[in-house]
Amino acid sequence: MKTEDEKEKLSLLLVYWIEHNKEHAQDFKRWAEKAKGFDEIGTEVYEAIMEAVEHMEEVNECLLKAFERINKKK
């Protein structure tokens, strides 16, 4: 059934997106630390990047909820 195939594909995509976001978050954190050394703008740049990391973590929570829901009846 096509719908089941699409559910399976979406389930796999959700896992991929969550892992991909985690990798990006690690890169963001690494660069945020480097930004601290950017003279007077370093702290502001660091804080902005870390805010993005927080939002990415929130996105992953939403994606995880979707993953759990789509796989609930399997």
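Reply: Glutamate 4 is partly exposed, with a relative accessible area of 41%, and in this predicted model its side chain meets that of lysine 7 in a salt bridge, at 3.7 Å from N to O. Lysine 7 is likewise partly exposed, at 36%, and both residues belong to helix α1, where 3 residues, or about one turn of the helix, separate them.

Aspartate 27 has a relative accessible area of 31% and counts as partly exposed, as does arginine 30 at 43%.

Glutamate 33 and lysine 36 form another salt bridge, with their closest N and O atoms 3.3 Å apart; glutamate 33 is partly exposed at 44%, and lysine 36 is partly exposed at 43%. These pairs are among the 5 salt bridges counted.

As for the setting, helix α1 spans residues 2-35 and packs against helix α2, residues 42-70, at an angle of about 165°, the axes being 9 Å apart. Since angles over 145 degrees count as roughly antiparallel, α1 and α2 are therefore roughly antiparallel to each other. The residues of this contact comprise 22 nonpolar, 5 polar and 5 charged ones, and α1 passes α2 in a left-handed crossing.

Key
Residues numbered from 1 in each chain as written. Predicted model: local features only at pLDDT ≥ 70, side-chain atom pairs only at ≥ 80, totals over all residues. Heavy atoms only, no water. Axes fitted to C-alpha atoms, helices over the stretch in contact; angles between N-to-C directions. Helix = DSSP H or I, 4+ residues; strand = E, 2+ residues; numbered from the N terminus. Parallel < 35°, antiparallel > 145°, perpendicular 65-115°, else oblique. Left-handed = near helix turned anticlockwise from the far one by under 90°. Nonpolar A, V, L, I, M, F, W, Y, C, P; charged D, E, K, R; others polar. Salt bridge = Lys/Arg side-chain N within 4 Å of Asp/Glu carboxyl O. Buried < 20%, exposed > 50% of the residue type's maximum accessible area, 1.4 Å probe, protein only.
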